[in-house]
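Subject: Structure handover

Hi,

Here is the structure you will be working with. My notes on it follow below.

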Amino acid sequence: MLKRETWQAWALILPAVILLVAFTHWPAITTVLDSLYTTPKGSRPPRFVGLDNYAALWDDPVFWTALRNNAVYAFATIPASVVLALLMALAVNTALPGRPLVRMAYFTPTMLPMIAVANIWLFFFTPDYGLFDRILAVFGGGRHNWLGDAATALPSMIAVAVWKEAGFFMIFYLAALQAMPPDLQEASNLEGASRWYFFRRVTLPLLMPTTLFVLVNAVINAFRLVDHVVVMTHGGPNNATTLLLYYIYEMGFRFWDTAMAATLTVVLLALLGTLAWLQFGVLGKRVHYR
Amino acid sequence: MNGAEVRLTGVTRSWGATQALAGVSLHVKAGTFCVLLGPSGCGKTTCLRIVAGLDQATAGVVEIGGRDVTGLPPAARGVAMVFQSYALFPHLTVAENIVFGLKARSVPSGERARRLDRAVEILGIGHLLGRRPGQLSGGQQQRVALGRAIVAEASVCLMDEPLSNLDAQLRAEMRREILALQRRLGMTMLYVTHDQTEAMGMADQVVLLRDGRIEQDAPPAEMYAAPATSFVASFIGTPPMNLLPVEGGVVRGTAIAVPLGAGLLGLRPEALRIADSGLPATVINAEYLGADTVVACSVGAGRVLARLPGKIDLAEGAAIHLAYETQAVHFFDAANGRAVANPAA
């Protein structure tokens, strides 16, 4: 016989459990299972093939391109957006006329939907009459096909992502900076510490919990944020902007190879899981929580 | 380390229309323990922050050790400060907190270790060096904050209500410790508090502030014996001085005559005693405190507290007579509250 309290407890968490199971856990398990079978076709039911799909992925050059692109994308967007976020937060944390306006301006990219953002940037990157080419023309630069050139397409995607993310992370840094007691700065001033010394020895360590949180989010976003690829380049030219999640989308919903899409998804999940574990394991120890 | 004198001349601080300090002039001799006393909002903390350089005076001059420091940044003034919140860095250990400023100023490590050892020995916090502030009690945090001030070897030490976060027992202990520390190190101390017992017990010089102005600047004994204004009289002493309103040359509701011009008659509670004749009074209540009893009585139209030694049982409504020496009476001007000479004293 269950106690009344136990029943009530279960009843209270039931809605959350149903949603989690239906939309997270169950799909995750079926994805793992699907990756071990062939793609079902109208005339052919799925057949168990073990790790054959993984072997096929290993031999797929586009997968390796997507993985490499994603690594470059992550290594560029994560530090750039985090450092930029910190710098912006430090800038708007000082007493400055029109500070609320500046803060709002920094946060605007976060509020805009990525699809709309991508369309705006599509204009910026347009050859000849786009914003960047117009500016370059003033300095004597020629026309440039930013998104059509394999050398500049991925950096362009990175620029959009950094622009989109930095404002969001800034909010967290700003909140942490505002929570820091001002007398720490005053004590430090009295002790003769320079601004840089205070920043390095006090501000930065005290921001570590925020940095860890922001980093985890930045890593996830580096693999999750592909909306602008869909709008701007469709992974081109010649897969130069194909990222893992975009490749999964193509595999699953354009080529309808659901088994390979499931296999890619499992690989992506394993990758993200490992990264999160590393972050909490390595950085977590060095974070001082108040 | 030797103390340096601190001199403020006409220091004013205003924020828009509100004036926190209105022309404060003050001289603290080298090696003196000076307490800035006053109710909250009187400008005492602002005054301290201006000496520290954390706040800028709107007008006036601040001198430390004969040097004009009005425009200098805090670090260049040669002052150490203990904050009300202690302002310890939560992620650093006790040892790192104490030598933070020495590291910032690139003091060589041998010298740093020497100063740390000395501070640790003075404060008896050797067993805490590896801990973080979050793992310390309030009193221990207070000691670490003191340690930071000691290793700076500054000639002037500023303290902003350093004991307000401690319980009563610890407060009394730290009071003695801070005083002993100041005497031992010989630094000039500027100490802000709203607690007059701290001022009476520690200070060589008490500066009582009210609404951004100095009410009285005197040694504690003088401030107690000869309050310059009725405000000072009502601020110093536990309980503070009784002030009875005067009307038509006599204390309202009694036959006690007062000198011309006096608007208030002041009597210390401890100057009163029960006698067969004297001021007729009716007991309101009696509060027994151990060493003495504080009796509240109505006298004429006013109310008087008497501090009587030992345990005294008095029923509510009992009629008694309170006697006092005529030279123990204080008189204050009706208009400006300034002390008026007592003809009997």
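Helices here are DSSP runs of H or I with at least four residues, strands are runs of E with at least two, and both are numbered from the N terminus. On that basis, chain A holds 13 helices and zero strands. Please keep in mind that this is a predicted model.

Overall picture first. Read along the sequence, the pattern of chain A is α-α-α-α-α-α-α-α-α-α-α-α-α. The C-alpha trace spans about 80 × 75 × 30 Å along its principal axes. Chain A has 290 residues, and 29% of them count as buried. Now the contacts in chain A with a separation of 6 or more: 69% of these come from residues 24 or more positions apart.

Next, one helix pair. Two packed helices are described by the angle between their axes and the distance between the axes. The pair is H5 (residues 114–125) and H7 (residues 150–178), both of chain A. Their axes come within 11 Å and cross at roughly 130°. The crossing of H5(A) and H7(A) is right-handed.

Which residues make the contact? From H5(A), they are Met114(A), Val117(A), Ala118(A), Trp121(A) and Phe125(A). H7(A) contributes Ser156(A), Val160(A) and Lys164(A). By class, this contact of H5(A) with H7(A) has six nonpolar residues, one polar and one charged.

Best regards

Note on methods: Residues numbered from 1 in each chain as written. Chains lettered and ligands numbered in written order. Predicted model: local features only at pLDDT ≥ 70, side-chain atom pairs only at ≥ 80, totals over all residues. Axes fitted to C-alpha atoms, helices over the stretch in contact; angles between N-to-C directions. Left-handed = near helix turned anticlockwise from the far one by under 90°. Contact = placed C-beta atoms within 7 Å. Nonpolar A, V, L, I, M, F, W, Y, C, P; charged D, E, K, R; others polar. Buried ≥ 20, exposed ≤ 12 C-beta atoms within 10 Å, placed from the backbone.
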